[in-house]
Amino acid sequence: MSHQPDKLYKWQLPHSSVGYADLLWGFYSGPPLTETQQANVARLLKFEPLTDIKTEKENDGKSQFQQFVTETYIKTDSTPHSNSEESAKIASSSYFRVIHREQKQVEDQSMSIVNWLEQAGDVLSQNKRFTPREHRITVSYPPLIPWSRLLPVLLKTLGGNQPGRNPDVDKLVKWQASCQQLTHLPKKHRYTWKSQSWLLIDNNPDSIPFRQDYHALHHKLRDWRGSEGLDVQFVHRAEPGKEIVRYRGKKPVYAQWQMPDNSTPLLILSDLGLHSNNDGAVDNWLAFGQQLKQYGLRPTVLLPVACRKLDLRLLHFYNCIIWDRHSNLKPQNSDSIGTTIDDEQQFIKTLLALCYPAIQVSPGLLRSIRYLLPPACDASVEVALRRQPHLKDTEQSDWSWMPDSKAAYLPEFLSQFQQLTTAQQQSLIWHIATHHAQIADEHYFEVLSELQRLGIELPDSIKQAIDDYLPQLIKSYYRYENHHGLNNWANRYLSRLAFSKDYPFSQQQQVMRILVTLRNDDKTKPAIQWPEDIPKELLRQFLPAGEPLQQLLLCQVGTQLKLSSASKAYAEQEWGAPVVVLGLPFIQNTVIYAYTDTQGKSHTYSLDLNTAEPVMLDLLPGTHSIEINNEIFEIEALDQENLPAYMAGISMEGTYTSMQTRNNADQYFTWYWQPPILKGQQLQPNEHSSKVLTCPGFWWYRPQLDAVVSEDWPYPLYRDEYGLYADVNIAGVIQRFRWIQPGEFMMGYPDDEEGRNSNELLHKVILSQGYWLADTACTQALWQAVMGDKPSYFKGTERPVENVSWDDVQVFLQKINQKQPFLDLRLPTEAEWEYACRAGTKTAFNFKESLSTALVNYRGTWEFEVDKWANNALRETTEVKNKSYPSNAWGLYQMHGNVLEWCQDYYGEYTSKQVTDPHGPASGAYRVLRGGSWDDVGGRCRSAYRDCAPPGFAIQYIGFRLSRGHEYSEAAADRLPDGAHAAVARGTQAGDGLRDSDNTLADKSLLSKITKRFKK
């Protein structure tokens, strides 16, 4: 123990809501507590201060801690200080319990991961290309304008009338005729390339999409006119008129700009700064144009710019020709400037979407995709697209996606792809495939497999190539853990994947995601968070297996749940054992768990029990689903401030969760939660099944089910998918009893239910104690074994006994209880009967299906007509466990139909107020009947339907089922384990003193109704 509080208070605990371990934990764990903090902790746990506080000297020298732990608590009827402003600021503690548990059904997979991964080779051991030959071709770069159209423009710009080789005879004759002196031999002129031409190329950063166009035009021009006399210069640092660069081979030569002769044509390849974000870029070209004009020069400029972006001032100095498809290749004037497109951003979005499958986009690929769109998607869009925040490496000629940005364009890609014609779709796939075939196999197959995942039709040869290559690539990554190149590619690949519910990841992609995440696992983190779309069955196959047996614990820590290994959970406790909500043994070290957080978002994690730190789960009050490996658990978090009405308090101590209930006499009863378990379907000897059942949890009057509380109930206890049961031998006949736990429900039915009667007023009922109820109506075999006669109209040992009155049943019960007094059998109260019939449902019947004769033995009609029956109605009783009629959720058979069942209560009217343990009026003329019969219509078989009859009345559709009220005894309490503070009190025996045979019918109107009801 780390410390003791500075001042010790004596606290009382109203209604046994929590145990002393809770208070001790609050005081003695963590840093030292001030007096105010101690008071806050105590109030948080629902303790109240006492006024008679003794000092240490007054307690015979006992230490403060000894005095504290030896105090006995005092129960009072006072309420906690819930109105205190100080306590209102403190969050209420939550109490957790597992209320449901089931094994998740794993779907069979056509091929296991181990098989296809083991059968695959690896790409690194094979020195070859895997890309299909049909895509390994030289990629053509689409020019801005076809060269055939551009040649005349270049010739006109850089050409003129030049003397040829042939003599000009006509001119020679004229000279001779005019007697001119012949100084030289005249030659014929023709329009051709001038002997001297200048080409100025502006390679500024904004011209990256067009550098290949500049380079291609340069080489084409040399091919057309020859390199002799062609002076090619490059603007240096995007500053025209200052420094230029010439290349001698691959070596740059820098020089100052010199003005050409005014007879030398000058062609400029530039955007004239129109694409620059720098306002001074256009000004530099205006200043350069002013210089050229002073020398009598007006150059022609090929601009890869949309005409809408032209600056009017530039037209004073340059002949501007738009260099793009659909251009008329004529110098622009003021009339052609100023037109804009409002959908430039939409074109950018569309282009990016169509680039979605690509990993690396070259200018040529982007140009090819742009040409699939309308002409309004011009060259300037290529420049604007590269400035989008989702892209990277824009200083290079190719660009790629920023991490995690590509996924956002998946929906738009699918939409835009569907709008393309079939020819355009095939063209898009072709260009993307051939461009990536030039890079690397892994990039090519990543792109093509993504297209295949999206349902885009590919040639069969490509599909086969994908199926052959991807398993080998995954095997290589799996095998070569330290391969730098594969690791880099795998991480980038993971960031590029985009999930869609309509187009889920393939199994190979799922495996790659798992492997990458595991390889990048940071061991210092508590757990690895996994996407929801990764199948847990697939994930489990790649998690590292463990050798020793691990114990996984889900423990409560304040208002949180902590998930960790048992060794860590116990090691972190300063004293005592952790409050365990769930304990599971695991052979493997790694556990997969999934839960929904307080924001409603689902998460899947894997936790290494050996290395990772425990994880904390924040759960709001309510019911939460947590999946741990192959099991699904429902965890209920109870807020002390908002407990269900039937709970007077709740507490957790060690591995026990207990609650308290209170009856009308202010007696308290303690019940211990028995968590749900999984077990094979071997419920009895000689019953075998491979099916795994979920045995539900329930409240029980002992901490454990390892033994029976008292010797007066010497029957083994069993658990199955319905709950707890015991098979009781009564006069040589086995009758199964089901344990019905304490709880609450709404008795009766609301006004809008079909068939509702005025005597079914809806009200809340609390049952403070559990009880045993026979799973079937009493059979004729059991009646005959006890009474020795056969009163039933319809004969059959396994049919329900009928034609017995309430008084007859009391004689039957008396005989059993005399011979087997420990049974103390009785009839259920009306509230107990409806609570058990409903089994947690709120509808007219305890099953989800529509009412039919396949589910209930009744007339088959809803309204009563004497001679009206459904064709398949039995018109008689049937066996109590007829397989045609399934049990309800608590394992009780034929609570609807077959026979009406006597209840212990006198018939009386309901109250609209909440009631606890109701057992009807103290006296009366009629006893309650419930459940409907084979002779009843559907409305009379409802869970809430009430009937009654004189206790001496018997007919062939009235029977009963046995009940046994739960009882505490002092002997049983003595055998409870130490620390299990169960309040011991004798349960209320419903129906005690109500066995008189007073058949006086004071209510004549009710007598008239009963006589009519039972008239045959």
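Tutor: Before we look at this predicted model, here is a term we need: a crossing of two helices is right-handed if the near helix is turned clockwise from the far one by less than a right angle. The crossing of α6 and α8 is of this right-handed kind.

Student: What makes α6 and α8 roughly perpendicular, parallel or oblique to each other?

Tutor: The axes of α6 (residues 147-158) and α8 (residues 211-225) cross at roughly 70° and come within 11 Å. Angles of 65 to 115 degrees count as roughly perpendicular, so α6 is roughly perpendicular to α8.

Student: Which residues of α6 and α8 meet?

Tutor: From α6 come W147, L150, L151, L154 and L158, and they meet D213, A216, L217, K220, L221 and W224 of α8. By class, nine residues of this contact are nonpolar, two are charged and none is polar. As for the spacing, an α-helix has 3.6 residues a turn, so residues three or four places apart point the same way.

Student: How do you know which way α11 and α14 run relative to each other, roughly parallel or roughly antiparallel?

Tutor: Look at the angle between the axes of α11 (residues 363-370) and α14 (residues 422-437): roughly 175°, with the axes coming within 10 Å. Angles over 145 degrees count as roughly antiparallel, and therefore α11 and α14 are roughly antiparallel.

Student: What does the contact of α11 with α14 consist of?

Tutor: G364, L365, S368 and I369 of α11 meet L428, H431, I432, H435 and H436 of α14. This contact has five polar residues, four nonpolar ones and no charged ones.

Student: Why is helix α10 called mostly covered?

Tutor: A residue counts as buried when its relative accessible area is under 20%. In α10 (residues 344-354), eight of the 11 residues are buried, namely E344, F347, I348, T350, L351, L352, A353 and L354. These buried residues pack against several elements, among them α11, α13 and α14.

Student: How do you know whether S963 is buried or exposed?

Tutor: The relative accessible area of S963 is 0%. The cut-off for buried is under 20%, so S963 is buried. S963 lies in strand β43 (residues 963-965), and among the residues it touches are F737, Y771, W772, L827 and P828.

Student: What makes the pair of S963 and W772 a polar contact?

Tutor: A polar atom of the S963 side chain lies 3.1 Å from the backbone oxygen of W772. The distance cut-off is within 3.5 Å, and the 3.1 Å of this pair meets it.

Conventions
Residues numbered from 1 in each chain as written. Predicted model: local features only at pLDDT ≥ 70, side-chain atom pairs only at ≥ 80, totals over all residues. Heavy atoms only, no water. Axes fitted to C-alpha atoms, helices over the stretch in contact; angles between N-to-C directions. Helix = DSSP H or I, 4+ residues; strand = E, 2+ residues; numbered from the N terminus. Parallel < 35°, antiparallel > 145°, perpendicular 65-115°, else oblique. Contact = heavy atoms within 4.5 Å. Nonpolar A, V, L, I, M, F, W, Y, C, P; charged D, E, K, R; others polar. Buried < 20%, exposed > 50% of the residue type's maximum accessible area, 1.4 Å probe, protein only. Polar contact = N/O pair within 3.5 Å; in protein donor to acceptor, adjacent residues only side chain to side chain.
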